[in-house]
Amino acid sequence: MSRAIVPVLLLAALYFAVFGGEYSVFEVRNTRAQVEVESARLAEVSARIDSLGAWADSLANDPVTIERVAREDFGMVRDGETLYRFADVEVSDSEAVVPER
């Protein structure tokens, strides 16, 4: 009787060590997959941070970039230049011209 209990206990311990508990094979595999996903996300965020850092450096030190932003975003012009703005006109259905066939 005792000879049958020892192998059964060893098999139960081996089963629990591989498939059960917090550090099972499945948990380790899921954790590794999660680490890969988060590593890829970290790489994307790091690239975005580098890009924004380069943009901030350009805004702080590059006069051409500063002028471009001033012109495009704020509509600024130099002395002697004229700014033309074109407004979108909304046409109602009654005013729309329908070509005749």
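1. From the N terminus on, the elements of the chain follow the order α-α-α. The model under review is a predicted one. Its secondary structure amounts to three helices and zero strands.

2. Overall form. The radius of gyration of the chain is 34 Å, whereas a compact globule of 101 residues would have one near 13 Å. Along the principal axes, the C-alpha trace spans about 105 × 55 × 20 Å.

3. Surface and burial. How much of the chain is buried? Buried residues account for 5% of the 101 residues. The chain exposes about 9,800 Å², and carbon and sulfur atoms supply 60% of that area.

4. Helix α1. This helix covers residues 2-19, which makes 18 residues. From its first C-alpha to its last, α1 reaches 26 Å, close to the 26 Å expected at 1.5 Å a residue. The number of buried residues among these 18 is zero, so α1 lies largely in the open. Just after α1, G21 adopts a positive phi of about 80 degrees.

5. Helix α3, its length and its end. Helix α3 comprises residues 63-74, 12 residues in total. The distance from its first C-alpha to its last is 16 Å, close to the 16 Å expected at 1.5 Å a residue. Just after α3, G75 has a positive phi of about 65 degrees.

6. Which residues of α3 are buried? They are T65, V69 and A70. These residues cover an arc of only 135 degrees around the axis, which puts them on the same side of α3. The face of α3 turned away from the buried side carries the exposed residues P63, V64 and E72. The cover over the buried residues of α3 includes α2, residues 25-61.

7. T65 in detail. T65 lies in helix α3. Is T65 buried or exposed? Its relative accessible area is 9%; burial means a value under 20%, and therefore T65 counts as buried. Leaving aside residues up to four places away in sequence, T65 touches W55, S58 and L59.

8. In general terms, side chains of opposite charge can pair when their charged atoms come close. One of the bridges joins E67 to R71, with the closest N and O atoms 2.9 Å apart. E67 and R71 both lie in helix α3, four residues apart, about one turn of the helix. E67 is partly exposed, with a relative accessible area of 27%, and R71 is also partly exposed, at 30%.

9. A second pair in α3. The side chains of E72 and R68 form a salt bridge at 3.8 Å, N to O. E72 and R68 both belong to helix α3 and are four residues apart, about one turn of the helix. How accessible are the two partners? E72 is exposed, with a relative accessible area of 58%, while R68 is partly exposed, with 42%.

10. E81 is partly exposed, with a relative accessible area of 37%.

11. The network. Which residues are linked in a network of salt bridges? E67, R71, R78 and E81 are linked in this way.

12. The chain has three helices and zero strands, and its buried residues make up 5% of the total of 101. Helix α1 has zero buried residues, whereas α3 has T65, V69 and A70 buried. The opposite face of α3 carries P63, V64 and E72.

Note on methods:
Residues numbered from 1 in each chain as written. Predicted model: local features only at pLDDT ≥ 70, side-chain atom pairs only at ≥ 80, totals over all residues. Heavy atoms only, no water. Helix = DSSP H or I, 4+ residues; strand = E, 2+ residues; numbered from the N terminus. Expected span 1.5 Å × (residues − 1). Buried < 20%, exposed > 50% of the residue type's maximum accessible area, 1.4 Å probe, protein only. Arc of directions from axis to C-beta. Contact = heavy atoms within 4.5 Å. Salt bridge = Lys/Arg side-chain N within 4 Å of Asp/Glu carboxyl O. Rg over C-alpha atoms; globule rule 2.2 N^0.38 Å. Areas by Shrake-Rupley, 256 points an atom, 1.4 Å probe, with all protein chains shown as cover.
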